[in-house]
Amino acid sequence: MSVFEAETAAARHELLVHCYRMLGSPDDAEDAVQETLERAWRAWDGFQHRSSVRTWLYRIATHVCLDRLRTRPAQATVGLDGIPESTHATAVVLPFPGGGDDLRLAFVVALQDLPATQRAVQLLRDVLRFSAIETAEALDTTVAAVKSALQRARARIARTAPRAEAVTEPTDAASRRALDTYVDAFTSGDVARLVDLLREDAVLELQPEGGVYEGKIACAAVLRSASGQGAWHMRPVVANGQPAAVVHRDGDAFGVAVLDVGPDGIARITVFADPSLVTRFGIQSARPGGGQPPAE
């Protein structure tokens, strides 16, 4: 193993998570990490360890993501120091295997609504704990601009990101029970028990169609309809630090359902009807004729 490989290997997963937060797509994040390492390799001889390798790699990764965001459709908004910049459109935020609080779907979705530089500042300062000086150096800007952007980013995130008191961990007993009951009720067609899990203000979101159903009654109608559309098989997993299930229908890969479970029930179900996600979560196919997918 080369010195470069030894110095950068440990950072790869961290960079993948950072790029995912910036871009909202695991596939785009993988590509961004690869480009980051390629740029780092080309610049390695000139690096000379003037900062830590980790800080240096995050700087490169952030610029790779900003470059990629500039190629997306955009609308004008205000950026650093009041300078106009663009909010870059993104495809549907796709689920990420594993993760913790800073990968919650609602948080990542909220990030995508920020202008790109505000997004970078918010992540470098509040998630990665870079100092204002380190963040300014990473983004080739001033400390004053960083502080201004962070203030605006925090205000916008606070309006949409999940509140700490509303978050339960996927390993929490209530979360595990909710997920197990959801899987059992859905696969057995027990819609009444399924609906009992929902809060009165629960939301069901279907991606990529973009359908959003608000309230327990609206969610129940969709769940009742779906339960009769084939034989469903699910395996519990963790996605974005939340309880989730990899879904098969009639033995074929279907997608992933991510649950937002609070102390008082399921607040949101986001269903990603994308068979490619099943492979990303490490599950290939379901057994013909029923039952759970085979063990990994």
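Leaving aside its neighbours within four places in sequence, which residues is Ala 226 in contact with? I shall open with that question, and then turn to the cores and to one pair of helices. Please keep in mind throughout that this is a predicted model.

The residue in question, Ala 226, belongs to helix α11, which spans residues 216-227. Once the neighbours within four places in sequence are set aside, Ala 226 is in contact with Phe 186 and Trp 232. Phe 186 is 40 residues from Ala 226 in sequence, and the C-alpha to C-alpha separation of the two is 9.0 Å. Is Ala 226 buried or exposed? Its relative accessibility is 18%, and the limit for a buried residue is under 20%, so Ala 226 counts as buried.

Let me now widen the view to the whole chain. The protein chain contains twelve helices and eight strands. Of its 296 residues, 49% are buried.

I come next to the nonpolar cores. The largest comprises 61 residues, and Tyr 20 and Met 22 are the residues with the most contacts inside it. The element that gives the most to this core is helix α4, residues 53-69, with ten residues. A second, separate core has 26 residues, including Leu 204, Cys 219, Met 234 and Val 271.

Not counting residues up to four places away in sequence, Met 22 touches Cys 65, Leu 66, Leu 69, Gln 112, Ala 116, Arg 119, Ala 120 and Leu 123.

That brings me to the packing of α4 against helix α6, residues 116-127. In general, two packed helices are described by the angle between their axes and the distance between the axes. Here the axes of α4 and α6 come within 10 Å, and they cross at roughly 155 degrees.

Sorted by class, the contact between α4 and α6 has five nonpolar residues, two polar residues and one charged residue.

Conventions:
Residues are numbered from 1 along each chain as its sequence is written. This is a predicted model: local features need pLDDT of at least 70, side-chain atom pairs count only at pLDDT 80 or more; totals for chains, interfaces and linings use all residues. Side-chain values use heavy atoms; hydrogens and water are left out. A nonpolar core is a set of buried Ala, Val, Leu, Ile, Met, Phe, Trp, Tyr and Cys residues joined through side-chain atoms within 4.5 Å. Buried means under 20% relative accessible area, exposed over 50%, partly exposed in between (1.4 Å probe, protein chains only). Helices (H or I, at least four residues) and strands (E, at least two) are DSSP runs, numbered from the N terminus. Contact means heavy atoms within 4.5 Å. Axes are lines fitted to C-alpha atoms, for helices over the stretch in contact, and angles run from 0 to 180 degrees between N-to-C directions. Ala, Val, Leu, Ile, Met, Phe, Trp, Tyr, Cys and Pro count as nonpolar, Asp, Glu, Lys and Arg as charged, and the others, Gly among them, as polar.
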